[in-house]
Amino acid sequence: MESRACSYISESLAYSMLHHGVSRDSGPLTFHPKPPLQRPDASATLVRSRRSMASEANPADAEGKQRRLVSETEEDLAVALAKYTAELSDKYARERGAFTVVLSGGYLIHSIRKLVESPYKESVDWAKWHVFWVDERVVKKDHVDSNYKLAYDGFLSKVPIPRSQVYSINDSLSAEGAADDYEACLKQLVETGVLEVLASTGFPRFDLMLLGMGPDGHIASLFPGHPLLKENKRWVTYIKDSPKPPPQRITFTFPVIDASAYIAMVVAGSGEVDAVKKALGCKDSSSDLLPVQMVSLEDGEFTWFTDKEAVSKLQNKEF
Ligand SMILES: O=C1O[C@H](COP(=O)(O)O)[C@@H](O)[C@H](O)[C@H]1O
């Protein structure tokens, strides 16, 4: 298993980004408005949220930016997610010669399995991909708890993404050290033009975050009620008392998540039905939000990818 541990960016990578047409002008890059994406899978029901209903409970919805895609089955969901991801990959590869993708751990890796099959395995321009983790457990990369290992085994080992463009944690460091190191790595990638920065906030803007959610509504390693939910300066921080094992992790902060251009929030099956009900149901109050409800995109598009089972506790009127 090989990847770049996030400790430095080589000149050859900087050169390669230049070669691929990515701007290295000094100062942060600004974001260009997105043309509308072709809507995913016709077999699924896409529902634009009612602002008045959800904006109170879910700030991501406040400006009508949240979409819901409810697939009949988990298999349909995986098909829709692959199509959506491949379309964004094409768009960013064409527009700026790089596609920055953030993965979570957990079930999400199973949900992206269609990307490693035809037609995407052959048609996606994998050489343009740059892969990051929204959170990582502070364990060795070959440890069963490693999010990198999960992604490598289920996804990365099956597609030709250059190893130098896979930004994994430096697993020889402490949690504090690994968070600092990962943040320094992101800052260097801004310098080399691989990553953009959202001009309005100064936080890095990833093209696509593919995220899962835990049964308690946590995303990344941002858990309900934890002080890290309030972190608003760091890009990457660490946690040593994660309520879900293992306890030591690093995680992107909310301002980084909020700066994303696109987020796919992927939830399938029965395990998260209560969190989905709370996050998407209409009878919620704005107090005591789940972490997933605290996402507040600055200038991006947030799409729920669910199957019918995951939304089975929602009433018809809540769609
Ligand atoms: O611990 C974690 O949990 C969440 C959710 O995982 P799931 O197994 O319930 O899908 C995951 O998104 C995160 O990356 C991971 O570190």
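Modeller: Pro243 lies in the loop that runs between strand E11 (236-239) and strand E12 (249-252). The model is a predicted one. Is Pro243 buried or exposed? Its relative accessible area is 58%, and a residue counts as exposed over 50%, so Pro243 is exposed. Although Phe223 is 20 residues away from Pro243 along the chain, the C-alpha atoms of the two are separated by 7.6 Å.

Another proline belongs to this loop: Pro246 is likewise placed between E11 and E12. The peptide bond that leads from Pro245 to Pro246 is cis, and its omega is near -5 degrees. A cis bond also joins Ser118 to Pro119, where omega is about 0 degrees. Pro119 is located in the loop between helix H4 (108-111) and helix H5 (120-123).

The next subject is the ligand. Around the ligand there are 15 residues, of which Gly105, Tyr107, Asp135, Arg137 and Lys244 come nearest. For Lys244, an N or O atom of the side chain is 2.8 Å from an oxygen atom of the ligand. In the case of His218, a side-chain N or O atom is 3.0 Å from a ligand oxygen. Tyr107 takes part through its backbone, with a polar atom 3.0 Å from an oxygen of the ligand. Taken alone, the ligand exposes 390 Å², and the protein buries 90% of that area. The space that the ligand takes is the largest pocket.

The loop between strand E10 (208-212) and E11 holds Ala220. This residue is not a glycine, yet its phi is positive, at about 50 degrees. Ala220 counts as buried because its relative accessibility is 7%, and the limit for buried is under 20%.

Val194 is found between helix H7 (175-191) and strand E8 (196-197). With a relative accessible area of 0%, Val194 is buried. The C-alpha atoms of Val194 and Gln165 are 9.8 Å apart, and 29 residues separate the two along the chain.

Ser260 occupies the loop between helix H8 (254-258) and strand E13 (262-267). Its relative accessibility is 0%, so Ser260 is counted as buried. The side chain of Ser260 makes a polar contact, as it reaches the backbone oxygen of Ile257 at 2.7 Å.

Since its relative accessible area is 43%, Lys308 is partly exposed. Between the C-alpha atoms of Lys308 and Leu69 the separation is 9.7 Å, while along the chain these residues are 239 residues apart.

Finally, burial can be followed along a helix. Which residues of helix H9 (residues 273-280) are buried? They are Val273, Ala275, Val276, Ala279 and Leu280. These residues cover an arc of only 160 degrees around the axis, and they are therefore on the same side of H9.

Conventions:
Residues are numbered from 1 along each chain as its sequence is written. This is a predicted model: local features need pLDDT of at least 70, side-chain atom pairs count only at pLDDT 80 or more; totals for chains, interfaces and linings use all residues. Side-chain values use heavy atoms; hydrogens and water are left out. Buried means under 20% relative accessible area, exposed over 50%, partly exposed in between (1.4 Å probe, protein chains only). Helices (H or I, at least four residues) and strands (E, at least two) are DSSP runs, numbered from the N terminus. The arc is that of the directions from the helix axis to the C-beta atoms. A residue is near a molecule or strand if one of its heavy atoms lies within 4 Å of it. A polar contact is a pair of N or O atoms within 3.5 Å; within protein, one must be able to donate a hydrogen and the other to accept it, and residues adjacent in sequence count only if both atoms are side-chain atoms. Accessible areas come from the Shrake-Rupley method with a 1.4 Å probe; for residues, only the protein chains shown count as cover. On a 1 Å grid over the protein atoms alone, a cavity is a set of points where a 1.4 Å probe fits but cannot get out, and a pocket is an open set with protein on both sides within 12 Å along at least five of seven lines; lining residues have an atom within 4 Å of a point. A molecule sits in a cavity or pocket if more than half of its atoms lie within 2 Å of its grid points.
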